[in-house]
Amino acid sequence: MWRYIVSGFLLFSTLSTTAQVQPEVDTTGVRPAKPPREKKQAKEFIPTGVMIGVDIFNIGRSIWEDELTQQEFQLDIDSRHYHVTLGYGTAETQRQSDISSYSNDGSYWRVNIETNFLYSTERKSNLFVGLGYGRSKFDDLLVSETEDAFGTTLITSRNSGATARWFELSTGTKIHIWKQFYMGYTIRYKFLKKVNFDQLIPNDIPGFGENREDDKDQFGFNYYLYWRIPFGKPKPTKPTVIDP
Amino acid sequence: MGQFLSKYTLGISAMLALIIGGCAPEEVCITDNTTVIQVGFFKEVFSGTDSAEVEEDTLIINSITALGTDSVFLSAQEVSQLTLPINTGSDQSTYNLELPSSTETLQFSYQVFSRFVSEDCGLELIVDSLKLGQTSFDSVVITQTLLNSNIDNNVEVYR
């Protein structure tokens, strides 16, 4: 469902571009007419730039946690009030106990629509809340020994091409640091998870987190470094007037 | 200086909140899922009218053995309920009940799901979709398909 909303939003923003109408030179002293309301609203949705981000929080986790290797990239298309963010990541997990080992390897993507509360700032910093959708595809393997009345059994259980989807609420910031460089964090609440698997109940879902039976929802945290590529030429600055 | 602090205050406070609030709860390695089938024995008692009541039945069992193992699960007991461990390495288990005057058979099929709980707890097995295969008893009913410690019986046998 979110694919159609995002596609409609991008289509609308493309079609709503209109040529500037030069105001008439008024010689009668009558104030010129204000621009039509429709044009002002259309400007809200015209993309002004794109930000490319990398999540350094999960890169850090991958370094200090032996069990996890994860990276995520983000593309943020911004207009005045609204942003569409597309994220893509990969994750690999290895977990070990005395007699069991579990491994998980997969990728995920997510799309979020965010409302920016700092749209009036020239520097394009963000304070946002958003709603999003994520999907994951992964393989996992469990190898373990069990003992029962029938003796010792080696259990090998796997999923090939298991899938999961979830929805998420997000909030965070993207703060202008220097020139086109930004930094910011995103906190996510992930819910309404649905997992499709074979006979191995997945322990981890790439992009979502742990697949816990007693805690179906998950919180997530990302810290991004961004580089912004603005669309079009920057606005010229006003010349400094020097009193004679 | 104020601008610098404002840029990083939100990020630092968010990280602190997550560190403090995001600690994973201590893992509890207790589960209600089991790998044993609870079997109850019942009989119909006619009270003289057309209606019949169901009562617990008691069987004298000399021994219970299973295909795929030399183990004897039970020997020389009078029981109204049995606990039969399943073969987790297979999707089917067959049991022979040696009674004083006959040998009865119970065969079950099931699905075994496995789950890695944690590094501390290790593996958990979840057995579901219990179905009856071959049996020599008159009437056998599957009442619960999931093997769980919170239920009375998965199987009810009527003689």
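Two strands pair if DSSP finds at least two bridges between them; helices (H or I, at least four residues) and strands (E, at least two) are themselves DSSP runs, numbered from the N terminus. By this criterion, strand 7 (residues 181-196) and strand 11 (residues 218-230) of chain A run antiparallel and are joined by ten bridges. The structure is a predicted model, in which local features need pLDDT of at least 70 and side-chain atom pairs count only at pLDDT 80 or more, while totals for chains, interfaces and linings use all residues. Residues are numbered from 1 along each chain as its sequence is written, chains are lettered from A and ligands numbered from 1 in the order in which they are written, and side-chain values use heavy atoms, with hydrogens and water left out.

**Barrel of chain A**

- In chain A, eight strands close into a barrel with antiparallel pairing, in the order 1-2-3-4-5-6-7-11.
- Neighbouring strands of this sheet are turned by 25° against each other on average, direction ignored; axes are lines fitted to C-alpha atoms, for helices over the stretch in contact, and angles run from 0 to 180 degrees between N-to-C directions.
- Within strand 11 of chain A, A:N222 is the residue opposite A:T186.
- Helix 3 (residues 56-64) of chain A lies across strand 1 (49-55), strand 2 (68-78) and strand 11 of that chain, and runs at about 125° to strand 11.

**Nonpolar cores**

- A nonpolar core is a set of buried Ala, Val, Leu, Ile, Met, Phe, Trp, Tyr and Cys residues joined through side-chain atoms within 4.5 Å; buried means under 20% relative accessible area, exposed over 50%, and partly exposed in between (1.4 Å probe, protein chains only).
- The largest such core has 29 residues, of which B:I37, B:I61, B:L82, B:Y95 and B:L97 touch the most other members.
- Among the chain B elements that give two or more residues to this core are strand 1 (36-46), strand 7 (103-118) and strand 8 (122-135).
- A second, separate core holds eight residues, including A:F138, A:A164, A:W166 and A:V195.

**Interface between chains A and B**

- The contact (heavy atoms within 4.5 Å) involves 33 residues of chain A and 35 residues of chain B.
- About 2800 Å² is buried between the two chains, 63% of it on carbon and sulfur atoms; buried area is the accessible area (1.4 Å probe) that two parts lose on being put together, summed over both.
- A:F150, A:Q199 and A:I201 supply 24% of the area that chain A buries against chain B, more than any other three residues.

**Salt bridges**

- A salt bridge is a side-chain nitrogen of Lys or Arg within 4 Å of a carboxyl oxygen of Asp or Glu, and the whole structure contains 13 of them over all chains.
- A:K174 and A:D76 form one at 2.2 Å, N to O. Since A:K174 lies in strand 6 (residues 151-178) and A:D76 in strand 2 of chain A, the pair ties together parts that are 98 residues apart in sequence.
- A:K174 is buried at 0% relative accessible area, and A:D76 is buried at 0% as well.
- One salt bridge is counted between chain A and chain B, and the side chains of A:R95 and B:E119 meet in a salt bridge at 3.6 Å, N to O.
- B:E119 lies in the loop between strand 7 and strand 8 of chain B and A:R95 in strand 3 (residues 82-96) of chain A, so the pair joins two chains.
- B:E119 is partly exposed at 30% relative accessibility, whereas A:R95 is buried at 14%.
- In chain B, B:E124 and B:R115 form a salt bridge with closest N and O atoms 2.9 Å apart, and both residues are buried.
- A:E72, A:R110, A:E168 and A:R188 are joined into one network by salt bridges that share partners.
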